[in-house]
Amino acid sequence: MENKPSHFSALLFLLISLVLFSTANCGIVTYWGQGIQDEGHCNTVPNCPKVGKGIKHCHKKKVKVLLSIGGAKGGYGLSSAADANQLADYLWNNFLGGHSSSRPFGDAILDGIDFDIEGNSEHPENYAVLARKLREYMDKNTWKKFYLSAAPQCPFPDHNQNPALSKVHFDLVFIQFYNNPDCQVGSKASSHFRRSWNKWTKTIKAHKFYVGLLATPDAGTGYVTPKTVLNEVLPFVKKSPKYGGVMLWNRGLDKKSGFSAKIHDSVNK
């Protein structure tokens, strides 16, 4: 499908964010693309060759790159199942394994789609339709592994994402354990955080779950230090057979704080 869905254009093109993780060491996942000064934006520009070149560079280093849709800003949503199916077609043909004359990143092929649906959606059930259609595309594909991921808020269930997460198989779930006082990690691995982690990993049938954390104290609320992660968070979450690693918001901030470098060696052990 050549034309982007009119009802969903804001979800894709207000701001593009990419999810990055290494296949050799996928314990740390990070978001890239929202640093205005040092990370490029596409906005409504239909052609983003620099981003496409960057995606290929990541692939050479065995780093997977997913397109994250949604975010906390902007008005967006899916008003019908038809919209959801149309968007799935558009995503597959323009970013993943399909074909289109209007691919924003040229011939660079992304590795999947991430649901970061944070707006208060009136029809969250339509995200399940979107996820199911994308899952069908991915499962029918045989030449490349594609990933379906989500980044829900830690209060369970997540209003926007529960319909999709409870009905469709997701490969990766990056739980945002920040900006939510009722379940964020806070200054230590609190009982609220532990209960939330257990609820998510035992209820949602995804493949792997990640602890979402902030890379710097000023990135939001609920920041914990690398020391706390090493001494209190990781020893707890690693007990789960569905533990996948740590998600950091975001790469630009992480480069300044060195957060991932301080926990890297312990995330996968």
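View 1. Leaving aside residues up to four places away in sequence, L148 touches I113, F115, A131, L134, R135, M138, V168, H169, F170, D171 and L172. The model shown here, as in the views that follow, is predicted. L148 itself belongs to strand β5, which covers residues 147–150. Because its relative accessibility is 0%, L148 counts as buried. G112 lies 36 residues from L148 in sequence, yet the C-alpha atoms of the two are 5.7 Å apart in space.

**View 2. The closed barrel of eight strands.** The eight strands close into a barrel, and their order is β1-β2-β8-β7-β6-β5-β4-β3. The pairing within this barrel is mixed. On average, and with direction ignored, neighbouring strands of this sheet are turned by 25° against each other.

**View 3. Strand β6 and the strands paired with it.** Strand β6 comprises residues 172–176 and runs parallel to strand β7, residues 208–214, to which five bridges join it. Within this pair, F174 stands opposite Y210 of β7. Strands β5 and β6 also run parallel and are joined by two bridges. Here A150 stands opposite V173 of β6.

**View 4. The two covered faces of strand β6.** How many of the five residues of β6 are buried? Five of the five are buried, and the strand is described as mostly covered.

**View 5. Helix α2 across strands β1 and β3.** Helix α2, formed by residues 49–60, lies across β1 (17–22) and β3 (63–71). The helix runs at about 135° to β3.

**View 6. Packing of helix α7 with helix α9.** Two packed helices are described by the angle between their axes and by the distance between those axes. For helix α7 (residues 226–237) and helix α9 (residues 259–267), the angle is about 25° and the axes are 9 Å apart. An angle under 35 degrees counts as roughly parallel, and α7 is therefore roughly parallel to α9. The crossing in which α7 passes α9 is right-handed. In this contact, P226, V229, L230 and L234 of α7 meet F259, K262, I263, S266 and V267 of α9. The contact residues comprise seven nonpolar, one polar and one charged.

**View 7. Packing of helix α6 with helix α7.** Helices α6 and α7 pack with their axes 11 Å apart, at an angle of about 25°. The two helices are therefore roughly parallel to each other, and their crossing is right-handed. Helix α6 contributes F193, R194, W197 and N198 to the contact, while α7 contributes V233, F236 and V237. Five of the contact residues are nonpolar, one is polar and one is charged.

View 8. S190 is found in the loop between β6 and α6, the latter spanning residues 191–203. Is S190 buried or exposed? The relative accessibility of S190 is 18%. Buried means under 20%, so S190 counts as buried. Apart from residues up to four places away in sequence, S190 touches Q184 and V185.

Notes: Residues numbered from 1 in each chain as written. Predicted model: local features only at pLDDT ≥ 70, side-chain atom pairs only at ≥ 80, totals over all residues. Heavy atoms only, no water. Pairing = 2+ DSSP bridges. Helix = DSSP H or I, 4+ residues; strand = E, 2+ residues; numbered from the N terminus. Axes fitted to C-alpha atoms, helices over the stretch in contact; angles between N-to-C directions. Contact = heavy atoms within 4.5 Å. Parallel < 35°, antiparallel > 145°, perpendicular 65-115°, else oblique. Left-handed = near helix turned anticlockwise from the far one by under 90°. Nonpolar A, V, L, I, M, F, W, Y, C, P; charged D, E, K, R; others polar. Buried < 20%, exposed > 50% of the residue type's maximum accessible area, 1.4 Å probe, protein only.
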